[in-house]
Amino acid sequence: MNSLKCTVCSQKYSFEDPRWRCECGRPLDIEFTPRFHLGRIDSRPPGMWRYREAIPIVSDDHIVSFSEGYTPLVEADVSGFRVKLKLDFLFPTGSFKDRGASVLLSRAKELRIGSVIEDSSGNAGAAVAAYSAKAGISCCIYVPSITSNAKTSQIEAYGASVIRVEGSREQTAESALKAAESTWYASHAWNPFFFQGTKTVAYELCEQMGWKAPDTVVAPVGNGTLLLGAYMGFRELAEAGVTGSIPRMIGVQAALCAPLHAGFRGGADSAPCPGTQKTVASGIAVAAPVRGEQIIKAVAESGGRFITVEEFEIIMSFKDMARKGLFIEPTAAAGIAGLRKYLVDANDGENVVAILTGHGLKSPEVPMLLE
Ligand SMILES: *Cc1c(COP(=O)(O)O)cnc(C)c1O
Ligand SMILES: [Zn+2]
């Protein structure tokens, strides 16, 4: 039987319970045994839903999808090192968040939810808005009132309503939490179904490498939906005996906002984060990630670590990627800046994959970076 389980106190809840957090206030995960029928997977069209038996949506009728995923894995030279890049900016809304939104809104449909709320002015908000539109579910996104129209226009274009909250990002989250008492909370940071979608990046990577896990995976990290999701996926494949190992997970944070890096090194678990508004890597400027402890534990278990990058390093990596024909968001470029640092003492022949998380066309900061 599938169930929901608290990541901290281990309290279990029925799988049918629409709750999004434990009574103790901490995030939940889903207890579920994924199955991998390699023959069946191979016979299906490319896309994240080819791993159907590994995604806990009960009925195919409820799947909300644009046939997204199975993004290309390409080779590139970075700092004189041969690496592989997973082009996860190639999604309908322009970021990997569509993986999570596809499963999350499928679950909402399965639960016959009529309207959802989320708080994010960025890519998660756009993804939840797009998949809500596809599902015919009404969607409301809470953002801080200072958020630019450039950032909310994609969300509004999908027909979602945007609620502007006076005050900080934290006050916005507070308002969303209040609204979540009466409306389903489609939160990318909290809702465990989002991670059941993001984990598919690990399945794709392993399949694209002949059902072998890479040695190392590098990705930018804020709320950890990608890094933690990927780790879950790699672990599931190893536990099912499909792959023989789990990669080192390397999480990249902007030096201006690096609470996970600080926590990993044994610092205060709510390290000050003065640069939330300042870094060009706005997609990872998360001062207090709700799954912080879980992310740090996953990175430690995998034998990985966190790397911080300065603003000039992010901008250099943005330009370098663009000159290779890869136009990515500054937040995604932070991951490449971290990759460069990682490669300084990587082993010869190490199989390193970096995930390119968001499309440059989305980003209003780009003209500024070219000055
Ligand atoms: C959301 C996002 C990230 C970070 O993902 P988390 O789930 O917050 O760790 C990185 N890059 C881009 C482009 C994003 O949209
Ligand atoms: Zn609990």
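Q: In this predicted model, which backbone oxygen lies 2.6 Å from a polar atom of the side chain of S106?
A: The backbone oxygen of S102 lies 2.6 Å from a polar side-chain atom of S106. A polar contact is a pair of N or O atoms within 3.5 Å.

Q: Where is S106 placed, and is S106 buried or exposed?
A: S106 sits in helix α2, which covers residues 97-110. To judge cover, compare the relative accessible area with a cut-off: buried means under 20%. S106 has a relative accessible area of 0%, so it is buried.

Q: Which residues is S106 in contact with, leaving aside neighbours within four places in sequence?
A: With those neighbours set aside, S106 is in contact with W49, I57, H62, I63 and V64. For another view of its position, take S302, which is 196 residues away along the chain; the C-alpha atoms of S106 and S302 are separated by 30 Å.

Q: How do I read E110, and is it buried or exposed?
A: Start with its location: E110 also belongs to helix α2. Then apply the cut-off of under 20%. The relative accessibility of E110 is 13%, so E110 counts as buried.

Q: What does the side chain of E110 make a polar contact with?
A: The partner is the side chain of H62, at 2.7 Å. Not counting residues up to four places away in sequence, E110 touches P56, I57, V58, S59 and H62. H62 is also among the residues in contact with S106.

Q: How does the check come out for α3, and how many of its residues are buried?
A: Helix α3, residues 123-135, has 13 residues and reaches 18 Å between its first and last C-alpha atoms, close to the expected 18 Å. Eleven of the 13 residues are buried, so α3 is largely enclosed by the rest of the structure. The buried residues include N123, Y131 and S132, along with A135.

Q: What do the buried residues of α3 pack against, and which residue follows the helix?
A: They pack against α2, β6 (115-119), β7 (138-144) and α4 (149-157). G136 follows α3, and its phi is positive, near 75°.

Q: What distances separate N123, G224 and T225 from oxygen atoms of ligand 1?
A: A polar side-chain atom of N123 lies 2.6 Å from a ligand oxygen. For G224, a polar backbone atom is 2.7 Å from an oxygen of ligand 1. For T225, an N or O atom in the side chain is 2.4 Å from a ligand oxygen. Taken alone, ligand 1 exposes 380 Å², and the protein buries 97% of that.

How values were computed. Residues numbered from 1 in each chain as written. Chains lettered and ligands numbered in written order. Predicted model: local features only at pLDDT ≥ 70, side-chain atom pairs only at ≥ 80, totals over all residues. Heavy atoms only, no water. Polar contact = N/O pair within 3.5 Å; in protein donor to acceptor, adjacent residues only side chain to side chain. Areas by Shrake-Rupley, 256 points an atom, 1.4 Å probe, with all protein chains shown as cover. Helix = DSSP H or I, 4+ residues; strand = E, 2+ residues; numbered from the N terminus. Buried < 20%, exposed > 50% of the residue type's maximum accessible area, 1.4 Å probe, protein only. Contact = heavy atoms within 4.5 Å. Expected span 1.5 Å × (residues − 1).
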